[in-house]
Amino acid sequence: MEDSFLIRCTKCKGSFRDKARRVQNGYSRQCPLCERVLFFEEGTPDKNVQKALVDARHLRKALREHENTKRSAVPFKFVRS
Ligand SMILES: [Zn+2]
């Protein structure tokens, strides 16, 4: 399952990908297109950053649920008796 998602840069309006587990409150990274540093902080007035934080949180949750299904779906033949 894909663990990266698109972040939109406020300055150049370009999009780049980053990992959902990295993008959370306190994280910062440079836009690879215009080199502007984006700060990911809760409560920021920057709509793009806000959306990225929400998207990352949703994706992390989805990934966690995906992992859980995989774990509980182990076929019985692998269980030693
Ligand atoms: Zn940019």
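Leaving aside neighbours within four places in sequence, Gln 24 is in contact with Phe 40, Leu 53 and Ala 56. Two residues are in contact if their C-beta atoms, placed from the backbone, lie within 7 Å. The model is predicted: local features need pLDDT of at least 70, side-chain atom pairs count only at pLDDT 80 or more, and totals for chains, interfaces and linings use all residues. Residues are numbered from 1 along each chain as its sequence is written.

**Overall layout**
- Helices (H or I, at least four residues) and strands (E, at least two) are DSSP runs, numbered from the N terminus.
- From the N terminus on, the order is β-β-β-β-α.
- Of the 81 residues, 12% count as buried. Buried means 20 or more other C-beta atoms within 10 Å of a residue's own; exposed means 12 or fewer; partly exposed lies in between, with C-beta atoms placed from the backbone.

**Gln 24**
- Gln 24 sits in the loop between β2 (15–19) and β3.
- Gln 24 is partly exposed because 15 other C-beta atoms lie within 10 Å.
- Gln 24 and Phe 40 are 16 residues apart along the chain, yet their C-alpha atoms are separated by 6.4 Å.

**The β3–β4 hairpin**
- Strand β3 (residues 27–30) pairs with β4 in the antiparallel sense over four bridges. Pairing requires that DSSP find at least two bridges between the strands.
- Six residues lie between β3 and β4 in this hairpin, and Glu 35 in the turn has a positive phi of about 65°.
- Ser 28 stands opposite Phe 39 in β4.
- Side chains alternate along β4 (residues 37–40).

**The core and α1**
- The largest nonpolar core has ten residues: Ile 7, Cys 9, Ala 20, Val 23, Leu 38, Phe 40, Val 49, Ala 52, Leu 53 and Ala 56. Such a core is a set of buried Ala, Val, Leu, Ile, Met, Phe, Trp, Tyr and Cys residues joined through C-beta atoms within 7 Å.
- The elements giving two or more residues to this core are β4 and α1 (47–72). Helix α1 gives the most, with four.
- Val 49, Ala 52, Leu 53 and Ala 56 are buried in α1. Their cover includes β1 (4–8) and β4.
- Leaving aside neighbours within four places in sequence, Leu 53 is in contact with Val 23, Gln 24, Phe 40 and Glu 42.
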